[in-house]
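Please open the structure in your viewer and keep the selection tool at hand. The stops below say what to select next and what is there.

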Amino acid sequence: MKKLTDILNKRVVSYSGDYIGKVIDVLFDFKKLHVTGYIISKRRGILNRFYLITPKQINIVSEVIIISNLDKALSRIKYNLLKKLA
């Protein structure tokens, strides 16, 4: 398991090389003591888009995080929903 400081603010790309965003936060389940997801933010103009990915989807390389199986339409979530989960 990687440390949180190794993952935060890392660039996230897909296997095809498309830039997805940066890791801004981690969702942690304190009852089961494991990471349940990572929150990715991509800035577009004055708006931010947020994505939620699971630990099974990531592959950490030295400078970037490569993700697989990202369906942007299904994994895009709103910030208000993230506040309720936290």
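Select V64, which lies in strand 6 (residues 64–67); strands here are DSSP runs of E with at least two residues, numbered from the N terminus. This is a predicted model, in which local features need pLDDT of at least 70 and side-chain atom pairs count only at pLDDT 80 or more, while totals for chains, interfaces and linings use all residues. Residues are numbered from 1 along each chain as its sequence is written, and side-chain values use heavy atoms, with hydrogens and water left out.

V64 has a relative accessibility of 21% and therefore counts as partly exposed, a class between buried (under 20% relative accessible area) and exposed (over 50%), with a 1.4 Å probe and protein chains only. Leaving aside residues up to four places away in sequence, V64 touches R11, V13 and N59, where contact means heavy atoms within 4.5 Å.

S41 has its place in strand 3 and, at 14% relative accessibility, counts as buried.

Finally, move to L33, found in the loop between strand 2 (19–29) and strand 3 (34–44). Is L33 buried or exposed? L33 is exposed, with a relative accessible area of 60%.

Terms used:
Helix = DSSP H or I, 4+ residues; strand = E, 2+ residues; numbered from the N terminus.
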